[in-house]
Amino acid sequence: MALIRVDDLHVYLGESHVLQGVSFEVPEGGVTALLGRNGVGKTTTLRAIMGLVPRRGTVTLAGEETTRLATHQIVRRGIGYVPEDRDVFAGLTVDENLRLSERNGLPRYELVYELFPELKTRGGQRAGTLSGGQQQMVAIARALLNDNPVLLVDEPTKGLAPLLVTEVASALERAAELATVLLVEQNLAVVERVAQQVVVLDGGRVVHTGPATELLRDRATIQSLLGVSGGGH
Amino acid sequence: MYFLIASGLSLIYGLMGVLNFAHGALLTVGAYATWWTSTHVGGGPGTKLLVGALAGVAVGGILAALIELVLIRPLYRRPVEQVLVTVGLALALNALVEAIWGFDARPFPVPSWLIDTTTVFGANIPNDRFLEIGVAAAVLVGLTLFLRYTRYGLIIRAGVENRAMVTALGIDVRRAFTLVFALGGMAAALAGVLSGVYYGVVDPGRGTSLLIFAFIVVVIGGFGSIGGTAVAAVVVGLIQQYANYYASSGLGDLAVVLLLAIVLLLRPEGLSPKVAH
């Protein structure tokens, strides 16, 4: 059964028709990777699901249409969001960033500190003074703190050193054990490691869906759809 | 006094991006509510002032919350319309006050001990100045503690930085908007009370004249920064008074505008950029 169903999603940003009828489904469990060249609408798709941009079309989460809901209401249906460029609150401490994210129920600090022990020791430090990798940890930790059945994760390895990419990929694998993950990612090695399904966008439309292994084996298709040499290596 | 008016303006713009031109009218309404209540309660001038001030602050807070809920909320993401509405509201509220109570200044209930002076290092200082400084300091400490140690304070500080991300954490930031508007209205009304004590009277144009300097304080202090606003309020007040006293009466306003120009040229984001702390 599809946990997220996106149907005929259109987004206009200014004069630009960024999403031109995007439709796809995200099955429950595991990681579905949303792929495509730069500027094809991957981030906009996540933002549209979150209600952060004006959109037309329908988004259904676990059978409930969320298109008419405000962003905070959508999130309370059980979505954790890791935005592109992290968007940590620079003037707040690490602890405050996490505390702000707490919702109903018991926040999963044990899980967060198990994945990112550094955050515990840097609790009193302002997030704006952290390195890019540490800020990414805060951003992922915020999404994992609550028991969200769905995580939307936007380019979590962007600009990170290789060692940190491995750490983030491990965190994503762990997150996928707890929730369904829709992941925007340019690094095909990470996609190969964590994703089971792929959805490929081009020109604001879905041009390919299927198992991740199938796409990643087909170098010619990767080259034509993503404009990169395939294989994830 | 500048700090009390400017703190609300600063938080409202910092969090919501709303330039509230009706903020001065909240000061006027708060001052008139104080004066009106004081004329309808018994007791000495001190009791009248205290009860009137409580009523004035309550009216300021409630009116500000209503303005946010009824007029501002439908206009989020429409900044031009927001400016038009707040300018129109300022004119309408001032006209309403003039229509009900007239253009003439009304005497404010000021206890005699506030009019007396205290000698400090040879200078005779009216006691009301200590009250004004004390109230402003208490509001600064209270706001700082609120922003630092409460859940709503955390939401407001985060919202000043990135409102969209706060909503993406599942937080209904609109409640924080209403709260900030109400707090700003209460602070403006409190400024109205203190301006009544300072001048001894209340008149319909008070809020408008002080609002201009409050905007200057906010720009110099940095939108969304309570600490920056407090420092800027003191600097603006001192420069204005010193220029008026030592140079020529009226030069104070010019000196403040010059200071604004210098800050805009050298540090356009203000003394303390957009972080509420």
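Which residues of H1(A) are buried?

## A covered helix

The model is predicted. In it, the buried residues of H1(A) are A:Lys42, A:Thr43, A:Thr44, A:Thr45, A:Leu46, A:Arg47, A:Ala48, A:Ile49 and A:Met50. Helix H1 spans residues 42-50 of chain A. Nine of its nine residues are buried, so the helix is largely enclosed by the rest of the structure.

What follows H1(A)? The next residue is A:Gly51. The phi of A:Gly51 is positive, near 80°.

## A covered strand

Now take strand E7 of chain A, residues 150-154. This strand is mostly covered, with five of its five residues buried. Both faces of E7(A) are covered. On one side sit A:Val150, A:Leu152 and A:Asp154. On the other sit A:Leu151 and A:Val153.

## The neighbours of E7

E7(A) pairs with strand E6, residues 79-82 of chain A. The two run parallel and are joined by four bridges. Here A:Gly80 stands opposite A:Leu151.

E7(A) also pairs with strand E8, residues 180-184 of chain A. This pairing is parallel too, over five bridges. Which residue of E8(A) does A:Leu151 stand opposite? The residue is A:Val181.

E7(A), helix H7 (residues 162-178) of chain A and E8(A) make a β-α-β unit. The unit is right-handed.

## An open sheet

Chain A has an open sheet of four strands. Their order is E2-E1-E4-E5, and the pairing is antiparallel. Which strands stand at the edges? They are strand E2 (16-27) and strand E5 (64-65) of chain A. Each has a single partner strand, so one side of each is left without a neighbour in the sheet.

Look at E2(A) and its partner. Strand E1 covers residues 2-13 of chain A. Nine bridges join E1(A) to E2(A), and the two run antiparallel.

## Where the chains touch

Chains A and B are in contact. How many residues does each chain give? Chain A gives 19 residues and chain B gives 16 residues.

Two helices of chain A take part: helix H2 (71-76) and helix H3 (94-101). Each supplies at least two residues of the side that touches chain B. By class, that side of chain A has nine nonpolar, four polar and six charged residues.

How values were computed:
Residues are numbered from 1 along each chain as its sequence is written. Chains are lettered from A and ligands numbered from 1 in the order in which they are written. This is a predicted model: local features need pLDDT of at least 70, side-chain atom pairs count only at pLDDT 80 or more; totals for chains, interfaces and linings use all residues. A residue is buried if 20 or more other C-beta atoms lie within 10 Å of its own, exposed if 12 or fewer, and partly exposed in between; C-beta atoms are placed from the backbone. Two strands pair if DSSP finds at least two bridges between them. A crossover is right-handed if, with the strands pointing away from the viewer, the path from the first strand over the helix to the second runs clockwise. Two residues are in contact if their C-beta atoms, placed from the backbone, lie within 7 Å. Ala, Val, Leu, Ile, Met, Phe, Trp, Tyr, Cys and Pro count as nonpolar, Asp, Glu, Lys and Arg as charged, and the others, Gly among them, as polar.
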